[in-house]
Amino acid sequence: MGLRVLHLDSFGTFSLDDAALRALAVAWSSLETLWMHHDEWPHPLGITFRGLARLVGLCPRLERLALAFDVTDADSSFLEDEEFKALGVLYALNSSVNDAWRWRDAPRVAALLWRLFPRLERVFGSDSQLWNDVYFQLGELRGA
């Protein structure tokens with residue numbers, strides 16, 4: 001079966017990018033929960049929406065994800081007909097955002113998350129107001 005839960009919560013630092021995330025997904029494709037957090041993420045983050053899509057595509061059972069990623073250039077141009085049905089909870093932790101993004105692009109980020117993860121029920125992040133706005137937009141997309 002393989003590794004199903006990986007929970008890494010560190011007070012130190014580590015670096016992660018799309019390539020490292022892909023390698024992790026290839027090695028542990030049975031993951032159902034992935035939690036990778038530490039207090040001092042390096043900036044800029046090397047994990048993008050494209051990296052998230054690859055991760056979830058390689059780990060089709062992934063239901064819960066806690067990972068900081070870069071949302072400053074939320075772009076769906078890399079998507080084809082990809083849809084990852086399992087992911088239901090996303091903890092965006094201290095994902096990288098810029099002030100201009102905060103309110104203007106919440107609908108765009110929510111739409112991309114919804115397209116990638118149609119079963120997404122909840123989004124959390126360290127900037128609670130920002131991610132509450134994204135969560136509200138997801139509710140609008142669900143018709144709730």
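**First stop: Trp131**

Select Trp131, which is buried because its relative accessible area is 2% (buried means under 20% relative accessible area, exposed over 50%, and partly exposed in between, with a 1.4 Å probe and protein chains only). This is a predicted model, in which local features need pLDDT of at least 70 and side-chain atom pairs count only at pLDDT 80 or more, while totals for chains, interfaces and linings use all residues. Residues are numbered from 1 along each chain as its sequence is written, and side-chain values use heavy atoms, with hydrogens and water left out.

Trp131 belongs to helix α5; helices (H or I, at least four residues) and strands (E, at least two) are DSSP runs, numbered from the N terminus. Leaving aside neighbours within four places in sequence, Trp131 is in contact with residues including Phe69, Val71, Leu113 and Phe124, where contact means heavy atoms within 4.5 Å. Next, select Ala106: its C-alpha is 8.1 Å from that of Trp131, although the two are 25 residues apart in sequence.

**The whole chain**

Now colour the protein chain by secondary structure. Five helices and five strands are present, and from the N terminus on they run β-α-β-α-β-β-α-α-β-α. Of the 144 residues, 43% are buried. Among contacts between residues at least 6 apart in sequence, 80% join residues at least 24 apart.

Select Leu34 and display its surroundings. Not counting residues up to four places away in sequence, Leu34 touches Leu6, Leu21, Leu24, Leu55, Leu62, Arg64, Leu65 and Ala66.

**Along strand β2**

Select Thr33, which is found in strand β2. Thr33 counts as buried because its relative accessibility is 15%. The side chains of Thr33 and Arg64 make a polar contact of 2.8 Å. A polar contact is a pair of N or O atoms within 3.5 Å; within protein, one must be able to donate a hydrogen and the other to accept it, and residues adjacent in sequence count only if both atoms are side-chain atoms.

Move to Trp35, also located in strand β2. Is Trp35 buried or partly exposed? At 22% relative accessibility, Trp35 counts as partly exposed. The side chain of Trp35 is joined to that of His7 by a polar contact of 3.5 Å.

**Last stop: two helices**

Finally, select helix α1 (residues 18-27) and helix α2 (residues 49-58), whose axes come within 9 Å and cross at roughly 5°. Axes are lines fitted to C-alpha atoms, for helices over the stretch in contact, and angles run from 0 to 180 degrees between N-to-C directions. The crossing makes α1 roughly parallel to α2 (angles under 35 degrees count as roughly parallel, over 145 as roughly antiparallel, 65 to 115 as roughly perpendicular and the rest as oblique). Show the side chains: among those that meet are Leu21 and Leu24 in α1, and Leu55 and Leu58 in α2.
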